[in-house]
Every structure is written in C-alpha cells, then in structure tokens.
Amino acid sequence: MLVLAIDTSGSGCFAAVYDGGAGELLACAGADIGRGHAERLMEFVDEALSASGRELGEIDRIAVTIGPGSFTGIRVGVAAARGLALALGKPAVGITTLQVVAESARLNQAGQPVLVVLDAKRDEVYLQAFDASGRPQGEAEILPAEEARLRFSVFAGIACGSGALAVTGAAGGKPDEIDMAALARLGAAADPVSARPKPLYLRGPDAKPQAGFAVTRA
C-alpha cells in the first residue's frame, strides 16, 4: 500500500510518501512555514511524489492529521485529503496528532504506556493516554495545566510532548514536530470507514462572529 501522508496541524506543512509493504518512508517534503498552508501544501505534495519517484495516481490511501492543533491548518489538511481522495477514488483516513506523538514515543521505548501532553497555550494542555500497544485509554481532552498536574503528575509510563515537563516533570518535544513515518504507518493500518477525516477541535476558534452589528439593507 502506497500512502500519501499530510500534516498541517501546526506551524509546519508537510507531505510524505510511504510504502506500507516495505515499511519505508520513500520521501518527505515541507517546511515550518507558520502561515500559508493552503498556498504551499500541494507544492510539498508534488515535491514528495517527485522525490519518491511515484505518481499521484499510484497512491492507495491518504492519511492526514486531524488535530488537535491549528484551527486553520487542520481545515486545510482535511479539505486537501478529502479532495485528493475524491479525485483519486481512494480512501482518506484521519489520525490525531496525539496518536502520532504516542506512536513515535511507543516505538522508541516499547512496552510502556504513553501519556501525550501537548501545550495548548493559555495555560492549558491537550492530552490523552495510550496503553503499551498504542490503544487510546479514554478520549482526547483539553485541561487547565493545573488540573492536568493533579491528575497525571505521577504517570507509570512514558510522558511525552511539549506539555509533559509542566505536567509530569518529563522532558518533551514540540507539538508541531510530527513524525511523518508514524503518521503514515497509522494511516496504513486505520479502518477507512471509521477513520474518515474529520477535524478534532478540542477548543473553539479564536475568531468569533460579532453580534449586534448588522448592516441595514437599502
């Protein structure tokens, strides 16, 4: 199975081509661009395909991160994955950023449960626990950092992610450093029916429509 993996969940914008049969990441393209995911994503998709020596028509499945993360970035990635899947007549699957971080940590330190804690800003964190085989233990959630510390300050396993240090004292990484090989592996194994891409928003958008400023029509 040839998987096209897409991540626009943070400040980075990345695309990768993964050979599921060989278990090999063939190519990855992208950059930490901050903004402008919609304008750059397809450029990076083309670069990844070219570097892998494959054509878009050879892709068997699209895997995309669905959040939590950047509200706008997630919308861009999910829309692109859905559009490509429709054009190719191939399935698209959504994988959470928490799942990807957990999978990467689990493979580096096998045999232990994993707690993923990502900095959500505003003194809040996104978090989710996974067992040693990678199965979620409860739903993904957003919590005030202090509440997360009270609940998870002592965790019997691996704590990872940018919020891990504040919550459990464990060193963590950056939430936008998505392991594209882990994303593609999870995408290859996902059920295309139950894992259809749908944004995972644990917090509402910052921009809200204003009320009370209706313009009178002539």
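Strands here are DSSP runs of E, at least two residues each, and are numbered from the N terminus. The model is predicted.

Start with strand 1, which covers residues 2-7 and holds I6. Is I6 buried or exposed? Its relative accessible area is 0%, and buried means under 20%, so I6 is buried. Its contacts reach well along the sequence. Setting aside neighbours within four places, I6 touches F14, L41, I62, A63, V64, T65, G77, L84, M180 and L183.

One of the contacts of I6 is A63. A63 sits in strand 4, which spans 61-65. A63 also has 0% relative accessibility, so it counts as buried. Which residues does A63 touch, beyond its neighbours within four places in sequence? They are V3, L4, A5, I6, V93, L183 and G187. P197 is 134 residues away in sequence, yet the C-alpha atoms of A63 and P197 are separated by 8.3 Å.

The peptide bond joining G67 and P68 is cis, with omega at about 5°.

Helix 2 comes next, covering residues 71-88, and F71 belongs to it. F71 has 26% relative accessibility and counts as partly exposed. T8 is 63 residues from F71 in sequence, and 9.8 Å from it in space, C-alpha to C-alpha.

F71 also takes part in an aromatic pair. How many such pairs does a search of the whole structure find? It finds one. The partner of F71 is Y201: the ring centres are 4.4 Å apart and the planes meet at 25°, so the pair is stacked. The cut-off for that label is an angle under 30 degrees. F71 lies in helix 2, while Y201 lies in the segment after helix 6 (180-189), so the pair ties together parts 130 residues apart in sequence. Y201 is partly exposed as well, at 32% relative accessibility.

Helix 2 has a helical partner too. Helix 1, residues 37-52, packs with helix 2 at an angle of about 45°, and the axes are 10 Å apart. The two helices are therefore oblique to each other. Their crossing is right-handed. From helix 1, the contact uses H37, A38, L41 and M42; from helix 2, it uses V76, A80 and L84. By class, these residues are six nonpolar and one polar, with no charged residue.

Helix 3 covers residues 97-108, and it packs with helix 6 at an angle of about 105°, with axes 9 Å apart. How are helix 3 and helix 6 oriented to each other? They are roughly perpendicular, because angles of 65 to 115 degrees carry that label. Helix 3 brings Q99, V100, E103, S104 and L107 to the contact, and helix 6 brings A182, L183, R185 and L186. This contact has five nonpolar, two polar and two charged residues.

Finish at the loop between strand 6 (114-119) and strand 7 (124-130), where K121 lies. K121 is not a glycine, yet it has a positive phi of about 65°. It is exposed, with a relative accessible area of 55%. D123 is in the loop between strand 6 and strand 7 as well. D123 is not a glycine either, and its phi is positive at about 60°. Is D123 buried or exposed? At 55% relative accessibility, D123 counts as exposed, since the cut-off for exposed is over 50%.

How values were computed
Residues numbered from 1 in each chain as written. Predicted model: local features only at pLDDT ≥ 70, side-chain atom pairs only at ≥ 80, totals over all residues. Heavy atoms only, no water. Helix = DSSP H or I, 4+ residues; strand = E, 2+ residues; numbered from the N terminus. Buried < 20%, exposed > 50% of the residue type's maximum accessible area, 1.4 Å probe, protein only. Phe/Tyr/Trp six-rings, centres within 6.5 Å; stacked < 30°, edge-to-face > 60°. Axes fitted to C-alpha atoms, helices over the stretch in contact; angles between N-to-C directions. Parallel < 35°, antiparallel > 145°, perpendicular 65-115°, else oblique. Left-handed = near helix turned anticlockwise from the far one by under 90°. Contact = heavy atoms within 4.5 Å. Nonpolar A, V, L, I, M, F, W, Y, C, P; charged D, E, K, R; others polar.
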